[in-house]
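Morning, everyone. Please have a look at the sequence and the model on the screen. I will go through charged pairs, rings, cores and one surface patch.

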Amino acid sequence: MSDNPANPPPPPPSEPPPKAQTDFQIGEEFGTARRTLPPAGIVLVCIASIAVILERSPISNRPKQQAAGSIDSVNAVEVVGQNMTMVSVTMTLRNGGKRSFWIHTLKARLTDADGKTFDDEAASGVDFDRYFQAFPALKENTQPPLSPEARLLPGTEQKGTIIVSFPVTKDAFDKRKSVAVTIQPYDQPLSVVLTK
């Protein structure tokens, strides 16, 4: 053995100093609204922006009916030997809109007692005198013809008559459920439907 003392073993590595403990509170977790939502001001600005966009969108700009009216009288006369009835429908049409109302088409629909429907377009106003000569009862309570291309100014009212025919007997016409007139304007998507 030698007289030299042995080198002492190296000291064990020192452990890192203990970390200070943080104060952990379960209430401050990230699942709370305060931590996950943006500030209230930004949310309110976004909601207001969406409301303005929706208000200007086509959803809120649905077409509105510009005119309205009523059927004042209905006269029917049977055309002998033809199983057909001629009908004069007198109506009042009012334009409550802010612009002129131009009539494009006038059609009538008969719904009989069994629920069957029959459609016809209005006859030309030029033929009214001829129809009235042949069927005097058709003229009762009539007004001048209401025809396509007629114009109602804003805030005005017009009375007029149309003549149509349906392939039913006068008896079947008298037992009808309804007769309706559809007035389609030129520049509007909604028709005016008058029913009696």
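Which side chain meets Lys159 in a salt bridge? That is Asp72, at 3.8 Å, N to O. A salt bridge here is a side-chain nitrogen of Lys or Arg within 4 Å of a carboxyl oxygen of Asp or Glu. This pair links distant parts of the chain, 87 residues apart. Lys159 is in strand β6, residues 157–166, and Asp72 is in strand β1, residues 67–79. Helices (H or I, at least four residues) and strands (E, at least two) are DSSP runs, numbered from the N terminus.

A word on the source. This is a predicted model, where local features need pLDDT of at least 70 and side-chain atom pairs count only at pLDDT 80 or more, while totals for chains, interfaces and linings use all residues. Residues are numbered from 1 along each chain as its sequence is written, and side-chain values use heavy atoms, with hydrogens and water left out.

Back to the charges. Side chains of opposite charge can pair when their charged atoms come close. Searching the whole structure gives six salt bridges. Among them is Lys175 with Asp171, at 3.4 Å, N to O. Another joins Asp127 and Arg130, with the closest N and O atoms 3.7 Å apart.

Are these residues buried or exposed? Buried means under 20% relative accessible area, exposed means over 50%, and partly exposed is in between (1.4 Å probe, protein chains only). Lys175 counts as exposed, at 52%. Asp171 is partly exposed, at 45%. Lys159 is partly exposed at 40%, and so is Asp72 at 34%. Asp127 is partly exposed too, at 23%.

Now the rings. A pair of aromatic rings is described by the distance of the centres and the angle of the planes. Rings of Phe, Tyr and Trp (its six-membered ring) pair if their centres lie within 6.5 Å; planes under 30 degrees apart are stacked, over 60 edge-to-face, the rest tilted. The count comes to two aromatic pairs. In one, Phe128 and Phe132 have ring centres 5.8 Å apart and planes at 70°, so the pair is edge-to-face. Both sit in helix α3, residues 128–134, four residues apart, or about one helical turn. Phe128 is buried, at 4%. Phe132 is buried as well, at 12%. Phe166 and Phe173 form a stacked pair, 6.4 Å centre to centre, with 15° between the planes. Phe166 and Phe173 are both buried.

Next, the inside. A nonpolar core is a set of buried Ala, Val, Leu, Ile, Met, Phe, Trp, Tyr and Cys residues joined through side-chain atoms within 4.5 Å. How many residues does the largest core have? It has 25. Those with the most contacts inside it include Met91, Phe101 and Phe166. Strand β3, residues 101–111, gives the most to this core, with five residues. A second, separate core has nine residues, including Val77, Met86, Phe128 and Tyr131.

Last, the surface. Val43, Leu44 and Ile47 form a nonpolar patch with about 280 Å² of accessible area together. Patches take residues with over 30% relative accessible area and no salt bridge, joining like charges within 9 Å and nonpolar side chains (Val, Leu, Ile, Met, Phe, Trp, Tyr) within 5 Å. Accessible areas come from the Shrake-Rupley method with a 1.4 Å probe; for residues, only the protein chains shown count as cover. Val43 lies in helix α2, residues 40–56, and is partly exposed, at 33%.
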